[in-house]
Structure formats: C-alpha cells, structure tokens
Amino acid sequence: MILETTDLTKHFGGLKAVNGVNLRIAPAAIHSIIGPNGAGKTTLFNLITGAIKPAAGRVMFDGVDVTGWPAERLAKIRLARTFQRTSVFHDLSVLENIALAIRSREGISRSIWLTAGTERAIEAEACDILGRVRLRGREKDKAGALAHGNQRALDIAIGLALKPKLILMDEPLAGMSRGDRETIATLITALRDSLGVTIVVVEHDVAMVMRLSDRITVMQHGYVIADAPPAEIRDNEAVRKAYLHGSFAI
Amino acid sequence: MSDEIATMPMPGTDRRFTGLALLAAAALGASVPLWTENMPFVLILASQAVVAAIVALSLDLLMGSTGLLSFGHAAWYGFGAYLTGIAAKMLTADVVVLLPLTVVLTIVLSAIVGFVLVRQIGKTFAILTLAFGQILFALVFVLSSITGGEDGLQGIPIPTAFGFQIVKPAVWYWLLYGVLLVALAGAFHIRRSPLGKAWLAIRENTERARFIGLNVSLLKLLSYIVSASLAALAGGLFALFNGAASPDLLNWFESGKVLMYVVLGGVGTIIGPVIGAAVFTVTEHYVSSITDSWLIYFGGFFVLIVIVAPGGLFGAVSNLWQRIAAARRGMSA
C-alpha cells in the first residue's frame, strides 16, 4: 500500500467529522472517495495533508509515518495535492508556475544563480509537463488569463512537476463544464497510465467516479461505509441508502 | 504580409527603447553634481532623495516580493543610522569597516526579530512591525547616554575610505548614487532568480507555495533580512553623510512616509518606489517651503492614487504606455 491510514479520527466539538477511518490505497490506482455532503471527505484530505492534526490515528505514506507533517515536507517526499478551488499562481506565467515546482523539487528554490544549462533544462521539463496537460503554446501567458478548465489542468500540472508518487485531488471536476470534465477525466486516466502515479480523488460526480476509479471508498457521517471496486459499490445496499435523498445517479 | 508585420508587437524594439530610457535616466541621475556646482543645497537635497530611494527599494523587497506589509520599516533605517554613528564615534571612521559591520549586525538582529515576525500573518505582522519600530524608538531615549536621546546623536566623525576623508558633497552624492544603482541591479537580479520567483509565489498564493514544497517561513525570513539590511545600510550612509542621527529617523511617521513612497511608486515594481521616493522627497522640500499644508496635499494625492491607480504611478504610466503602443499598432494595421 502506498497510502494507509489507521483509525484516523477528528472531532469538531461534538461532531465526529472523521471517525476511525482505515484507508488503504494501492500503488498506481485511481482511488476515489465519495459520500454525501458532510461525510468527512475534505476533512480526511486535510488530515492526510497535515492541514489539520488528527485527534487519533496515523497516516503512513510510502512506508513513512507522516502523521501531522506540514505540506512542504509532504511535497518533498513526493505527495502532492490539488485544490477544490483551482489554486495556481495567477500573476506568474504558465511556464513559471511549473518551473517553481520543479525548482522546489530539485531543492534550488532559494538559489540566486542558475547556470544557463540548468535554466534550459528546467524550461524543457516544464514544457514537457505542459504538453502532457495540453497547455503547450500557452507558456508565456499569465496563469490568471487561462480559461477555467485550463487553470485546473495547470493546477494538476504543478502537482505533476513534483514528480509525485501520489496526488490527492480535491473535487477536480467541480464547477466545470461537461466538456472540461471529460478533458480532466481523460487527463487523470492518462497520467496514471503513462506515469504510474497513484491518484486519490474526492469527487461529487458519481457517474464519472464510477467510470474512472479502480476502487471507491464511500463515507457517511465520518465513517467508511463501503470500500470496493465500482461494480460492487453500485450494488451495495448501504451505499444506496446513504444516497437515498442525495443525487446518486448510478 | 506587411500588415502582419505591422500588427505584430515588437518586443525587441520596445525592450531596446526601455533600456535606452533607463540608461538615460541613470546618466541624468549621475550628472546631478555636474550642474549643481553653484547650488550646494540642491546637491544635498538630491543626496537625501537618493537615500530615500534606497530605503523605499528596501521596503519594496519585502512588500513587493513576499507581500508582507511593514508599518515599521524606518526602525531598520534608524537602527543602521545609530549603529553606524555610534560605531564611528567609538571604533573607527573607516566606511570599509563601518558599513559591513552595520550590515552584519543588522542581519543578525533582523534574523532574530524576523524569526518571530514572519510566523504571523497579515494584520498581526503589520502591527508587530509597528510595535518593534516603537520599541527601538523608545530605546533611543532609554539609552540616551550613548544615543544622545532627544538631542540626537551628534558629532559623528567625518568618515574615511582607504585613508581619504569623504567630505566633498559631489563625492558623497556619487557614493550614495552608486549604492543605489548596485542595490537596484541586485534587486532586479534577485527578481529574476529562483529566490525572487519563490518570493513572488508566496505573495501570489501562500497555500499553494507550501504544497509545492516551498519553506514559506524561511523564504519570508530571507526577504525580511535582505530588506532590513538594505534599509540599515541606507541609514548608516545617511548618518555618516549627515554627521548626526535623530530619533525621528526611526519613528512611525518616517515608516509611514516610506510606505507611502512605495505605494505611490508602485508596489513590487522595484523601479517605481525608487523614483517615487526621489520625486516626493524633492517635491516635499519645495512645496513645504511654499505652504505649511504640504501633508494635506500629499495625503490627498495619496488617497487619489490608491483609488485611481492601485498599481501606483509606475503601474499607471506603464499601463498608459501599453495603451499608446497598442493604439499605434492598431492605427498602422
């Protein structure tokens, strides 16, 4: 398992946001976490990425106990994340958005001098990554000038530049047009297939999740109520009940 | 075919023009002592403007890069002035020793102060910089046996360099102006370097910066130290140039003025705050000799700029320039 949580728990006041969650993510899988609003999905993400500290339990990533690690340390051991609201460096060029991540990965973010060769190598790698997310030709544009779907792709590309072993994606399809959703979904699959990166997705678009995922974890009221491949989730009675008043369009 | 060429932006020509304009401005600045021989006061005023420009540049290295808002930047300017002045009286008058000493001690102290400050965000950081400035201001009076208290630090000896005394106003001007040019070149170099880009990333999106593995606290601390050290260097130069240092140098009013120069010139543009500080130092002198209400006009102008041109004067000018260039291209197309 590349990512494993053991009895991960977080309470907000009396509310058990995440309760004894045992998550097991296999390498090179697309693993989705779904559940009705308030099920604890985003809290689970924040617990894994160190944004909040768990009350109990631990997080193992690639054999290392990373419980409560700050974001910058997680990035160093190749765990990346993207955000529910697209998160890029708006005023910097598309190329610079990627170059920042590459330099951070290489540990040269604080240098004030790079050889021309290093700069060219970084640029070449950045262009290569932009090609993977179909943003070639937009290198010099400001990130803020990109259309919404392209910004989301750039957000993912920034994560890719860290050469991650695993990317956590918080609602990558939220707020996007149907066309953009297809593009991003295709991109996610392509990344897993070509780079072998593990992808963990929190997502509301259940139909898309069913198509995309190798395995699905379903949460409700902070508990895991099911964890299985899509076909089994589809027929799971508990899941059907949880979504009875929701929009579980299977 | 010819249409296509005409409508294409011409970055090469634009860049050459910008380069020439900068070179002309730099040469004009360097020539000041040559045409002020009979106006010694003008040269002194110009020297003060250059010092103000260095301080404004130092604040822009903090505000304009990592986005940290300081209400107490004059603290470092005043710290440098007193430290250099006291060392000149007690140790040596040699600038080759004095100025590096000031910078090194400022690096140490700003690293300690910054370590606490940069962990605070937004308003807390700004308020704490103000508090720190006022602590230093109060210290001048507490340590009045060394600092001269309310009377200021008097009798700073004439500094020397390689055995020669630095006395001539023209030499002083060129020394200060040289420091400004080097600082500017350094600031532009850092802006294009990985460090400068990482600073911008923090200003743009701190959370994302963390998640690409940037050590945000350390990077903020570095920008704080660089900024404080340059301000202290300017203060040290000013104390030696002026022969005295007064407590006003590190008062909040001074900090406010520097902040206004940066905002007026254009936060983060590097050159904007430099020109803003120089222009307003000179304007202040002449307008305040005509009317006592200078601060009212200055304040009114400040409010106007913040509302009408949030990018500062530099932002407004470069916007205008781009529009003219676009219109010209549109016309010839």
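Begin by selecting A:Leu15, which is exposed because 12 other C-beta atoms lie within 10 Å of its own; here a residue is called buried if 20 or more other C-beta atoms lie within 10 Å of its own, exposed if 12 or fewer, and partly exposed in between, with C-beta atoms placed from the backbone. The model on screen is predicted, so local features need pLDDT of at least 70 and side-chain atom pairs count only at pLDDT 80 or more, while totals for chains, interfaces and linings use all residues. Residues are numbered from 1 along each chain as its sequence is written, and chains are lettered from A and ligands numbered from 1 in the order in which they are written.

A:Leu15 belongs to strand 2 (residues 15-25) of chain A, where strands (E, at least two residues) and helices (H or I, at least four) are DSSP runs numbered from the N terminus.

Next, colour the open sheet of six strands in chain A, whose order is 6-7-8-3-9-10 with mixed pairing; two strands pair if DSSP finds at least two bridges between them. At the edges are strand 6 and strand 10 (223-228) of chain A, each of which pairs on one side only. Neighbouring strands of this sheet are turned against each other by 15 degrees on average, direction ignored. Strand 6 of chain A runs parallel to strand 7 (residues 166-170) of chain A, and four bridges join them; A:Leu79 has A:Leu166, in strand 7 of chain A, as its bridge partner.

Now show helix 1 (residues 41-48) of chain A, which packs on the sheet and touches strand 3 (30-34), strand 7, strand 8 (198-202) and strand 9 (215-220) of chain A, its direction making about 145 degrees with that of strand 7 of chain A. Such angles run from 0 to 180 degrees between N-to-C directions, with axes fitted to C-alpha atoms, for helices over the stretch in contact. Helix 1 of chain A is largely enclosed by the rest of the structure, because six of its eight residues are buried; among them are A:Leu44, A:Phe45 and A:Ile48. After helix 1 of chain A comes A:Gly50, with a positive phi near 80 degrees.

Widen the view to the two domains of chain A, which an automatic or database assignment gives as domain 1 (1-78 + 166-250) and domain 2 (89-163). Their centres, taken over C-alpha atoms, are separated by 26 Å. Eleven residues from domain 1 of chain A and eleven residues from domain 2 of chain A make up the contact, two residues being in contact if their C-beta atoms, placed from the backbone, lie within 7 Å. On the domain 1 side, the largest share, five residues, comes from helix 6 (residues 178-195) of chain A.

Then bring in chain B, of which 20 residues are in contact with 27 residues of chain A. On the chain A side, helix 2 (71-76), strand 6 (79-82) and helix 3 (94-105) each supply at least two residues, and the largest share, six residues, comes from helix 3 of chain A.

The C-alpha trace of chain B spans about 75 × 55 × 45 Å along its principal axes, and buried residues make up 43% of its 333 residues.
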